[in-house]
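Dear colleague,

Please find the structure below, handed over for your own calculations. My notes on it follow directly after.

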Amino acid sequence: MMGPTDISGRLAVDVQGVEGLRAQAAKDPDAALKSAAQQFEALFLNMLLKSMREAVPQNGLFDNEQTKLYTAMLDQQFAQSLSAKGIGLADIMVRQLGRAKPMEAGAQGVAAPQQKDAPSPIAAQPLEAPVSAPLPPPSAEAQAASSPTRDFVNRLWPHAVEASRATSIPPHFMLGQAALESGWGRREIRAADGSQSFNLFGIKAGRNWNGPVAEAVTTEYVNGVAQKTVEKFRAYSSYAEGFRDYANLLRSNPRYAAALGSGSDATGFARGLQQAGYATDPMYADKLIRILNGSVLRQSLIG
């Protein structure tokens with residue numbers, strides 16, 4: 001027979017279980033904290049067992065609503081029994097929540113009685129964060145401010161401005177496309193000996209190219225299917241030469257008239273390049289638009 005404060009055999013999701021936790025919290029906060037942690041562990045195990053049951057087909061000859069009810073009750077007892085022995089989760093919770101001193105209650109947020117107008121102990125003593133708790137990841141803006149993307153933009157900005165004078169393409173549009181083609185400079189095409197090609201726009205060496213080349217593996221889409229191929233790309237002596245050749249390519253080919261005439265419309269520029277056949281990737285324009293309208297490029301330009 002379960003006593004009035006013995007809640008180890010009752011899940012705290014029912015009314016009597018919650019009242020038992022409240023009564024225990026008033027008499028023995030540490031024991032109440034341990035009981036609450038065990039209840040949470042039991043609920044977790046019960047959810048785990050339920051998920052495992054649902055993953056198995058239950059349309060057999062003896063499967064019906066009544067058997068499902070008894071199975072759920074059995075799983076609840078299994079969860080309660082396992083949590084009594086412990087799988088370690090309750091112990092971790094007790095260690096972490098036990099640091100919230102001088103809070104006099106511990107079960108399900110039940111606070112100890114306080115004198116009127118007395119300051120809240122929780123407000124006076126903030127909960128200590130777990131030592132092992134990871135810091136929240138930095139925002140995209142913060143990453144851009146301290147990452148190589150800003151160096152990439154600063155290094156290439158003068159060349160983009162020069163190419164912009166010849167094409168009327170906004171400089172940051174060209175930087176965005178260079179970022180897409182080269183992975184912000186991390187995947188720049190290199191010759192067999194490892195030397196730089198200064199080719200940030202993936203311009204291939206066609207029949208009319210008489211300069212140096214660099215061979216590299218690239219992904220081409222044939223009828224929408226990605227294929228790896230080895231292609232020859234133009235190689236330059238500097239980024240300035242690479243940007244000038246890029247500007248000349250777009251300016252001298254009528255296919256890129258729509259891209260050149262897009263003005264400050266990032267979407268029009270990206271769509272114009274794809275429609276002109278600049279790349280075979282069917283998602284090329286969408287990828288470029290995300291970069292041109294994204295916070296990483298914007299924050300890199302600010303800095």
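A residue is called buried when its relative accessible area is under 20%, exposed when over 50% and partly exposed in between, with a 1.4 Å probe and protein chains only. Helices (H or I, at least four residues) and strands (E, at least two) are DSSP runs, numbered from the N terminus.

The model is predicted, so local features need a pLDDT of at least 70 and side-chain atom pairs count only at pLDDT 80 or more, whereas totals for chains, interfaces and linings use all residues. Residues are numbered from 1 along each chain as its sequence is written, and side-chain values use heavy atoms, with hydrogens and water left out.

**Confidence**

The pLDDT, the predictor's confidence in each residue from 0 to 100, averages 77 over the protein, and 62% of the residues score at least 70. Residues 1–15 have a pLDDT below 50; beyond near neighbours in sequence, this stretch has 28 contacts in the model, a contact being heavy atoms within 4.5 Å. Residues 101–133 also stay under 50, and the model has 33 contacts for them beyond four places in sequence. Where pLDDT is low, the predicted coordinates should not be read in detail.

Among the buried ones are F173, M174, Q177 and L180. The buried residues of α8 pack against α7, α9, α11, α12 and α13 (295–302). From its first C-alpha to its last, α8 reaches 16 Å, close to the 16 Å expected at 1.5 Å a residue; the expected span is 1.5 Å times one less than the number of residues. Just after the helix, G183 takes a positive phi of about 60 degrees.

A nonpolar core is a set of buried Ala, Val, Leu, Ile, Met, Phe, Trp, Tyr and Cys residues joined through side-chain atoms within 4.5 Å. The largest one here has 39 residues, of which F201, F243, Y246, F269 and Y278 touch the most other members. Two or more residues come from each of α7 (148–167), α8 (171–182), α9 (239–252), α11 (266–275) and α12 (284–292). Y246 touches I169, M174, Q177, F201, I203, F269 and Y278, not counting residues up to four places away in sequence.

**Loops and hairpin**

S262 lies in the loop between α10 (257–260) and α11, and counts as buried because its relative accessibility is 15%. Its side chain reaches the backbone oxygen of A259 at 2.7 Å. Leaving aside neighbours within four places in sequence, S262 is in contact with G268 and F269.

Two further loop residues have a positive phi without being glycine. S168, between α7 and α8, has a phi of about 70 degrees and is exposed, at 56% relative accessibility. F198, in the loop between α8 and β1, has a phi near 55 degrees but is buried, at 19%.

Strands β1 (residues 213–222) and β2 (residues 225–234) pair in the antiparallel sense over 10 bridges; strands count as paired if DSSP finds at least two bridges between them. Y221 stands opposite A226 in β2. Two residues lie between the strands of this hairpin, where N223 takes a positive phi near 55 degrees.

With kind regards

Methods: A polar contact is a pair of N or O atoms within 3.5 Å; within protein, one must be able to donate a hydrogen and the other to accept it, and residues adjacent in sequence count only if both atoms are side-chain atoms.
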